[in-house]
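Open the model in your viewer and keep the selection tool at hand. The tour goes stop by stop.

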Amino acid sequence: MLTNLTMLLLAASVSNIISSMQVRILSWLFLICGGLFPFYLFIVNTAAITDVDLCEIERDMCWRVNVLAVENLIRAAKKVGAHLVHISSDYVFDGLTPPYKETDPVKPLGFYGKSKLASENILRGCGAPHTIVRTQVLYGVAPQIRPNFVDFVVDRLTGGGELKIVDDQTGNP
C-alpha cells in the first residue's frame with residue numbers, strides 16, 4: 001500500500017498562521033481524502049496553539065487544536081498506514097528539576113501542558129505507529145511566525161532597548 005516516500009507536514013505555529021477551525025478542517029480533509037492518496041509514510045503534526053497564556057484563556061480552542069485534531073490525524077494515519085510524528089512540549093513537566101529525560105514523570109502545571117500531555121496519551125493508546133517529540137526553546141525563520149527568543153534578544157540588542165530576561169528558567173535546546 002505504501003509505494004511512495006511522501007511526508008505530509010501539517011501547518012506550523014497555528015497561533016499566528018491559521019485558526020483552530022482551519023486546523024480542524026485540514027485534519028478532517030486529510031482523513032476524508034487520505035483514501036484517495038494512500039502514499040503517506042509519515043504524517044508530521046506540527047500544528048498547535050502554543051501561546052501558553054492564550055491557552056489558559058481560550059481553553060476550548062486549545063483543546064480542539066492540541067488534542068481533538070490529533071485524534072483526526074490518528075484516524076487518517078490508520079486509514080493510509082502512515083506513521084504519525086507528533087510534536088509535543090517540555091511543558092508536560094513541572095519545570096522544577098530540569099533537564100528532563102523521556103522517562104521522567106510528567107506533571108504539567110498549565111492548560112497548554114495538560115493539552116499536550118492529553119494528546120501524547122491519546123497517541124500512546126491509539127494502536128497506530130507513532131513518535132512523540134518533546135521540544136524546548138524552539139527558534140527559526142519562517143513567514144508570519146511570531147517572534148521567538150533569539151529574535152527578541154537580537155531586536156533588543158540592536159535597537160538599544162532594555163533587555164529583561166528571566167533568570168529562573170533553564171533551557172537545553
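Helices here are DSSP runs of H or I with at least four residues, strands are E runs of at least two, and both are numbered from the N terminus. The expected span of a helix is 1.5 Å times one less than its number of residues. This is a predicted model: local features need pLDDT of at least 70, side-chain atom pairs count only at pLDDT 80 or more, and totals for chains, interfaces and linings use all residues. Residues are numbered from 1 along each chain as its sequence is written, and side-chain values use heavy atoms, leaving out hydrogens and water.

**Stop 1: helix α5**

Select residues 111-124. This is helix α5, with 14 residues. From first C-alpha to last it reaches 20 Å, close to the 20 Å expected at 1.5 Å a residue.

**Stop 2: the cysteines**

How many disulfides does the structure hold? Zero, taking a disulfide as a pair of cysteine sulfur atoms within 2.5 Å. Select C55: the nearest cysteine sulfur, that of C62, is 3.4 Å away. C55 counts as buried because its relative accessibility is 0%. Go to C126, which is also buried, at 12%.

**Stop 3: helix α6**

Select residues 149-159, helix α6, and find L157 there. L157 counts as exposed because its relative accessibility is 58%.

Notes: Buried < 20%, exposed > 50% of the residue type's maximum accessible area, 1.4 Å probe, protein only.
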